[in-house]
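Here's a quick tour of a protein model, with the surface first and the inside after. Have the viewer open as you read.

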Amino acid sequence: MFHSGYILLVLLAAAPLILTLSKGRDGGAPLIFLHRIYRDFAYIAAAVLAIIFFETALNISLQNYWFGELDQRYRYWLALGLRFGIFLAILISVGIFVGFNLRALCRPLPAVPKTAPWFGAFIFAALAGFGATALWTPLLGFLGASPAGTSDPVFGKDLSFYLLALPWYDAVVSIVITVLVITIALWAVIGLGFYPSSGRPWTHPVFLLGGGNHRTLRVVDNIDAESWAPTGMVWGRWLRQGLVLVGLFCIAMGMARFLGRYHLVIDGHSTVVAGGSYADIHFWVPAYELIMLCWFAAALFLLAAAGVPPVRAWLLAQPSRWVVPCGLFAALYIGAVVIPPVVEQLYVGPNQITLERPFLLRSIAGTREAYNLDGPSVEEREFAVSTAPLKRVDLAKNGPTLQDARIWDWRALEPQLQQIQGLRPYYRFAGVDIDRYMIDGAERQVMITARELDVEKLPDPAKVWVNLALKYTHGYGIVAVPVNQMDERGNPILWAHDIPVKAQGDLAVAHGAIYYGALTWERVYVRTTEKELDFPQGQANAETVYDGKGGIALSSFWRKLVVAHEGDGLRLFISGYFTPESRVLLRRNIVERVERLAPFLIFDHDPYIVADGDHYSFIIDAYTSSANYPYSESYHGSLPRFHDRNYLRNSVKAVVDAYNGSVTFYVFDKRDPIINAYWQMLPGLFKDRSEMPEKLLRHIRYPEDLFTVQAEMYGTYHMTNPTTFYNREDRWEVPHELYHDREIEVTPYYVIAQLPDVEKAEFLLMLPLSVAGKNQMAGWLAGLSDGENYGKMVAFRFPKGTFIDGPAQVESRINSDSRFSGDLTLWDQHGSHVIRGNLIVLPLNGNQLIAIEPVYIEAEQTKIPTLARVVLAQLLPDDRKIEWASSLKGAEDLLVGTPIRPVVSSTEVETEAGRLERARAVFEEMQRQYASGNFTRYGELMQQLEKLLTSP
């Protein structure tokens, strides 16, 4: 619809050009013919500009409606104003600057129309301005910056300068340098490629003193004034213009080097120190200042040559007169670049640990502060692992922890839930998350997932516009399971299930529809004359009409036109389903919504759904980050989205209403200068943590991405002694575990556990850490999530000299234990695979450590894992105890004591033939259970068979 109209308009505008080209020169002068072509191209440009303006009007209207739906029109218009301001500033300044230079360059070229240089310059400026509009976010932070109260130790600049002002200054200088480089390139290409070859200043013996003064200056020998030709004046102007341009370029480079001094305390030249090292502060900073002065001196020299005719004439008289200033510039510049690394190699290197000690301390302190690994929110403690074997009384003391000790792996649980709770092919689960809910009066750990709509799973005949846009509009409900309960077939027990949703405790909600979700992308229309599918119900379907606050009303022709431009075209005008009350729901993916509203934040990879009593909401952790924190090491770990950042804060929690689509940002870290700057500029976008409803506040979690980054950085920066840090002799790393048949890094996991010296168990995110290069645990980290403890981190380290098996070593013990290896080998063949689930190291009250790992069997045909065994190990210093059973309770019983075999009288001893017959029956039952996919029962029968064959 729109594309066809645009093509028609351009074709009409191109008609004069086609007519001109068809007639050719028609006996006219070539110059007149070129001017006609230029005029006809202007018609096409006018048509293109009209299309651009119309598209812009449509886009602005759509954004205005969408942001208005979220009560964030101020946010949109402020951003648009900043973007337009940046665009206009660059359009005017760059357009005038480049246009003036191009016009001066093209003046001697009669074939170029007078307006062409200005036209081309402003097109270039518009493109540059359009590309620079993305700088509205650093400009917003720059405008909202306020002192953070912390200064760097070298220049004394406030932290807000580095995080908020320096990125903006860098961007402005970069734009100036780019424009100057392009202008200088055009100056060189036009002059050397299109100007006449005669009269070039470096070949002509005389030079014109001024623009209108024809008096000559003899500089080589006696040559008549008639040797001056108009081309000499042209080349003279060209040279003066080039001197000015290069002079301005030198000023811009000097400013870049001035700002570069501040980057030395962010990312210096040392491979040992993050930030400014001894050589950076004592040699590179003076070198940068010298280079800066060299650039400014060169600029002064060139501008003087351009503006003072005698100076210019004197320089051009003999080429050798350029040698001294150019040689001095080169010598100083090269010396400033070469001397610091030479000094570092010859002087600093042999004395590195002594000279770098104060700078190592700065680097350690800066990195720990940048990643929030220091201060009142972090506690470092020693964890002396108990040497006492677990007893039943210990299990009783740790009842709250063990009742929620997770044995379900979210990767294995999702296909199970899809099989038993998908209910229809077009329903899909958006990952499995872990949270806690009140169930039967107690807080229990729950694995929860949303049942979202995936229209791609509809049969092809059903993928028609009415179904996709009007009928199938939303998902429905959640599925929630306890973390360690299953039925006799190894399937999970369900605490929230089916449609309509049957839920226990706080998992119940009044409205189960999910219009906005993690897997939802398609736009849909609601409140039309065609009712929506609410949920399947027997042979029929329950239908509904959307009653939420989301969506853009289609109440006028212009609104319909704006939405039609977004994708559905003429359908909105010819379909009879729409009424003035109809609405369109756009950008329904929750991550897209929050990224559109706050593009200056980075969002966690794992949004999670929360039941808040009335309906569902998604919580997404949001981060502020920077690459400009002084004396902080950049991150290059397992999360690419944070690479090259050296400052990270989880300052915001975003809440997206799954029914209404509303988005609310709650600020959780008021100490963060970045979020304070954006909050200052956008007061209506953010709310304080205290304004978050209690039903949501109960479900906030320590975020996974932040914890992962912190754990990986803490592995090195737990060392605060500069000598130890320099030698990297106590570095920790994230351990490895087995999943399927491959080794992967252990990911952080949520547990409910009771920390040492704490009265009750709490919900926390934890991760063990191993000694670098070894399968030996060094300690573990815990990120707290409950109440006033939210955001605090506790780092536990084991005493030196204590050997505790790491996860990889536990995996190795399982593989090598003859009690388990036979079953694992048998299950991992003949059409099935063994899946080793998430290995969890869990602390118990009394400084005891256990490890839990579920073992699943996955049939090749169904691809649905079934829980077969639970491995339970107690991790003791220099020793371990390990058992497995079909349930965690069974493994606990085996770990704390071996059941006593009853004494059998001689009259009760079974005959050999009878035992063989029973073994045959058990084996046949094993085959039937294996064929039916009941691997849990299969494993139990295998144990019976083993007892039969080994009993005396």
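## A greasy patch on the surface

Phe-84, Leu-88, Ile-92, Ile-96, Phe-100, Trp-118 and Phe-122 make up a nonpolar patch on the surface, and together they have about 650 Å² of accessible area. Areas here are Shrake-Rupley values with a 1.4 Å probe, and for residues only the protein chains shown count as cover. To join a patch like this, a nonpolar side chain (Val, Leu, Ile, Met, Phe, Trp, Tyr) needs over 30% relative accessible area, no salt bridge, and a link within 5 Å. A salt bridge would be a side-chain nitrogen of Lys or Arg within 4 Å of a carboxyl oxygen of Asp or Glu.

Helix H3 (73-106) and helix H4 (116-132) each supply at least two of the patch residues, with H3 giving the largest share, 5 residues. Helices are DSSP runs of H or I with at least four residues, strands are runs of E with at least two, and both are numbered from the N terminus. Phe-100 sits in H3 and is exposed, at 54% relative accessible area. Exposed means over 50%, buried under 20%, and partly exposed in between, using a 1.4 Å probe and protein chains only.

## A note on the model

This is a predicted model: local features need pLDDT of at least 70 and side-chain atom pairs 80 or more, while totals for chains, interfaces and linings use all residues. Residues count from 1 along each chain as its sequence is written, and side-chain values use heavy atoms, leaving out hydrogens and water.

## Inside the cores

The largest nonpolar core has 277 residues, and Leu-507, Tyr-525, Phe-665, Phe-686 and Trp-827 touch the most other members. Helix H6 (residues 159-194) gives the most to this core, 15 residues. A core is a set of buried Ala, Val, Leu, Ile, Met, Phe, Trp, Tyr and Cys residues joined through side-chain atoms within 4.5 Å. Beyond its neighbours within four places in sequence, Phe-686 is in contact (heavy atoms within 4.5 Å) with Phe-600, Val-652, Phe-665, Val-667, Ile-675, Tyr-678 and Trp-679.

## Strands to look at

Tyr-525 has Val-584 in S14 as its bridge partner. Strand S14 (residues 583-585) and S10 are joined by 3 bridges and run antiparallel; two strands pair if DSSP finds at least two bridges.

Strand S11 (residues 532-537) is mostly covered, with 5 of its 6 residues buried. S11 pairs antiparallel with strand S12 (residues 540-544) over 5 bridges.

Terms used: Patches are made of residues with over 30% relative accessible area and no salt bridge: like charges are joined within 9 Å, nonpolar side chains (Val, Leu, Ile, Met, Phe, Trp, Tyr) within 5 Å.
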